[in-house]
Amino acid sequence: MARKHMNRTKLGVIVGNRGFFPGHLCESGRTEILRVLEEEGIDAVILDIADTKYGAVMTLDDAKACGNLFKAHRDQIDGILVTLPNFGDEKAIANTIRYSGLNVPVLVHAFNDDMTKMGIQDRRDSFCGKMSVCNNLKQYGIPFTLTALHTVDPSSESFRRDLRSFAGTCRVVKSLRHARLGSIGARPASFNTVRYSEKLLERSGITIETLDLSEVFGRANKRKESDPAVKRKLEEIAAYVDVKGFPQENLVRMASLGVVVEAWMDENDLAGTALQCWTSMEEYFGIVPCTIMSMLSSSLIPSACEVDITGLVGMYALQQASGRPSALLDWNNNYGADPDKGVVFHCSNLPKEVFEEIHMDYHEILSGTVGRENTLGTIQGRIKASPFTYCGITTDDLNGGIAAYTGEGLFTRDPLLTFGGYGVVQVPKFQKLLRYICENGFEHHVSSSMSSVADSLEEALGKYMGWKTYRHEAEI
């Protein structure tokens, strides 16, 4: 199974200029911005320095030229960076974005003034110009993102963090607006919690393709151990986790399932799946699908259990923001009497990257119901200590919209002895978050990533996707 790779982010870059401010700052500022973008692995679409004065945007003709350039690269541009080496012309900048026809995230940046260079030849006034640009973008109805500091040196770590976060926002927005996801099987009958609206997701650009489990079982049962695709999948499974001592017949079923699911995904150009993992799978096919799902998520093809499509959307968003595998967990238990700690758990299908170490096993919860011999395939272990970002997404059918929450916390090393895929989390003001989840009808599932990308998600889901988004953080 080939691991998917994240493409480099590409930004359309607008260099602002205003005629009676020092123009040479635009030339040097343009050079500096392009250098930092390259160092951060971000590609740029920008006017040539000979196309306009200093390669900047100041007049209506400049705006048309830059807008047409962006329009010609519209399929490649993930977002727009507005940079102000001097005050800049707010109308030209807003007009450029309008002429481009792009509906992508916009980051507004302004250079610092040097307090030793406040004369007429070197004074920027970008501090003030940024307010004018933002005012015009508001008037034009163009949403935008701000840097953490009002003005900031492009070479600074602060601006580089802004760029990385904005690139994550761009990836999330671009991916969600054209997402194609797979729903395999029906939701578990007792899980009303994972109901969702395909129509609301489609309105946001997220298409769901469906496949019945009977078709999966039928196609998989036609596969034999001698099938070259099954042989390759068996090798991939053995390379992923130790399979010594487990029945070959079960492993062949597992491999056949993986071949069928991946072939269906390829045929339908799907970026991820949510799968009916119990109990039809165990009763009528004789395995749990957790290993195959874990391998998919590890390869940056997120796979959610219990047909949780909105949980899958959260996994996909986190993956796009961070470039790392994501997981779906239960907010599952309290951790003693500590109000800011809890236990997260799944049976599990988590990608191996999140674990301290892993082993394959039988499903302890289902074994007593469907027979232990039919439950091989869970990936078990403790989640390693790490910062993490969490995300919950739900379709709010009653109000006709999509809602989300996100925030950051820590996986800790606190002692815990249990089974499945599990970990202890510490979340600031955790009780407040839990209250919000319950009062607003979110699922007990939560998507997670070993990363710190809540800023990217908050901007992407709330500002650009237009979803009602709650950002949870510690009260100061």
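The second largest cavity is lined by 13 residues, and those nearest its centre are Gly-311, Gly-392, Ile-393, Glu-443 and His-445. A cavity here is a set of points, on a 1 Å grid over the protein atoms alone, where a 1.4 Å probe fits but cannot get out, and lining residues have an atom within 4 Å of a point. The model is a predicted one, in which local features need pLDDT of at least 70 and side-chain atom pairs count only at pLDDT 80 or more, while totals for chains, interfaces and linings use all residues. Residues are numbered from 1 along each chain as its sequence is written, and side-chain values use heavy atoms, with hydrogens and water left out.

This second largest cavity holds about 70 Å³ of space, a volume being the space filled by probe spheres set on grid points that are joined across faces, edges and corners. Helix H12 (309-322), strand S14 (386-396) and strand S17 (445-449) each give at least two residues to its lining. Helices (H or I, at least four residues) and strands (E, at least two) are DSSP runs numbered from the N terminus. By class, the lining has six nonpolar, five polar and two charged residues; Ala, Val, Leu, Ile, Met, Phe, Trp, Tyr, Cys and Pro count as nonpolar, Asp, Glu, Lys and Arg as charged, and the others, Gly among them, as polar.

The structure has two cavities of 30 Å³ or more.

The pockets come next. A pocket is an open set of points with protein on both sides within 12 Å along at least five of seven lines. The largest pocket has a volume of about 820 Å³. Among its 30 lining residues, Lys-4, Asn-7, Ser-175, Tyr-316 and Gln-320 lie nearest the centre. Helix H5 (157-176), helix H9 (248-268) and H12 are the elements that supply two or more residues to this lining, which divides into 11 nonpolar, eight polar and 11 charged residues.

The second largest pocket has a volume of about 620 Å³. Of its 26 lining residues, Arg-161, Arg-164, Ser-165, Asp-455 and Ser-456 are the closest to the centre. Strand S5 (145-146), H5, H12 and helix H15 (454-464) each contribute at least two residues, and H5 gives the largest share, nine residues. The lining comprises six nonpolar, nine polar and 11 charged residues.
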